[in-house]
Amino acid sequence: MGVTGTVKHVFVINPAAGNTDSVSEIQSQLFAHGAGYDWEIYVTRVPGDATDFVRRRAKAEKGPIRFYACGGDGTLNEVATGALGFENVSIGVYPCGSGNDYVKHFGGKDAFLSIPALLAAPEIPVDLMKLGKRYSINICDFGFDTAVATTMANVKRKAVIGGSNAYYTGVIWAVLTAMKSKCEIWGDGEKLNDGKILLCSLGCGSYVGGSFRCAPRSKCGDGLMEVCIVRPVSRLTFIQLVGKYAKGEHLEEERFKKYITYRRCKKVRIVAPPGFKFSMDGEVISVGSCTVELLHHALRFALPEGAEERGKLFDGKKA
């Protein structure tokens, strides 16, 4: 990478993520297992603070430095955004949020919850998606899924309907209110739909909403984003489809192929009304017409022992 020296390990902790005291948990693990490593902890204060901190710290550091996003997918998004463009920087993740979708692409969060494994983890190059001045390391989606994400943000801290159930709450509300969206989608110059969608997901990772495997063929560093468009369907067909969608079997199910358009693309253009909403790693933004570009090998990602990219296991039928 052109940068030599002892790696500094910086744990960027979002204290609002999850339901446990992640600061004490991570600190105790570091005191127990961090001997011989140069490590430090930073606790974020407000939304966006992780991006600002990582950027400032990266500019000040001359040698190699690795930032660990300690929180959920939103924290990882902030850390990845702040790290982008620095040759001496890599990122990792300690998944202690409510969703932790990106690490599911690598088999789940267990391997990432070991501090010794994280400190010793080798790095792999991973892709990012760019929409204007915003970035996504996992999933950028719109249509039905954005309606779900909007509801999730509103209920995530509520009892019963929030927390790990927030996505299901969002799905129920979206079924009632968001079964059709108007937009045109162009992938690498090819028109991919007729102007209406149920949903569209653009993926570098595989999972969205905690347990829905929307992009089962995704490979996080192949230079292409997964584009999956589902055309508007009846609520009955949706109920039949959603179980396969959750398991990542929707691309292989013969009866659903007439509703789905799937491509791998480097650039996707969306023509949509002003204020059209997108969800980027779970955060909803209002943009309208825009272009999403794939940034190949934009970051280096720490992959601990025991984790493996699930996309490599895909055999054409299942993974």
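This is a predicted model: local features need pLDDT of at least 70, side-chain atom pairs count only at pLDDT 80 or more; totals for chains, interfaces and linings use all residues.
A disulfide is a covalent bond between the sulfur atoms of two cysteines. To count as one here, a pair of cysteine sulfur atoms must lie within 2.5 Å.

Cys204 takes part in no disulfide. The nearest cysteine sulfur to Cys204 belongs to Cys220 and is 8.2 Å away. Cys204 is buried, and its relative accessible area is 1%. Cys214 is likewise in no disulfide; the nearest cysteine sulfur in this case is that of Cys228, at 7.6 Å. Cys214 also counts as buried, with 2% relative accessibility.

## How helices α2 and α3 are arranged

Two packed helices are described by the angle between their axes and the distance between the axes. Helix α2 covers residues 49–60 and helix α3 covers residues 73–83. Their axes come within 7 Å and cross at roughly 30 degrees. Because angles under 35 degrees count as roughly parallel, α2 is roughly parallel to α3. The crossing of α2 past α3 is right-handed.

## Residues where the two helices meet

On the α2 side, the contact involves Asp49, Ala50, Thr51, Val54 and Arg55. On the α3 side, the residues are Glu78, Val79, Thr81, Gly82 and Ala83. The residues of this contact comprise four nonpolar, three polar and three charged.

Terms used. Residues are numbered from 1 along each chain as its sequence is written. Side-chain values use heavy atoms; hydrogens and water are left out. Axes are lines fitted to C-alpha atoms, for helices over the stretch in contact, and angles run from 0 to 180 degrees between N-to-C directions. Helices (H or I, at least four residues) and strands (E, at least two) are DSSP runs, numbered from the N terminus. Angles under 35 degrees count as roughly parallel, over 145 as roughly antiparallel, 65 to 115 as roughly perpendicular and the rest as oblique. A crossing is left-handed if the near helix is turned anticlockwise from the far one by less than a right angle, and right-handed if clockwise. Contact means heavy atoms within 4.5 Å. Ala, Val, Leu, Ile, Met, Phe, Trp, Tyr, Cys and Pro count as nonpolar, Asp, Glu, Lys and Arg as charged, and the others, Gly among them, as polar. Buried means under 20% relative accessible area, exposed over 50%, partly exposed in between (1.4 Å probe, protein chains only).
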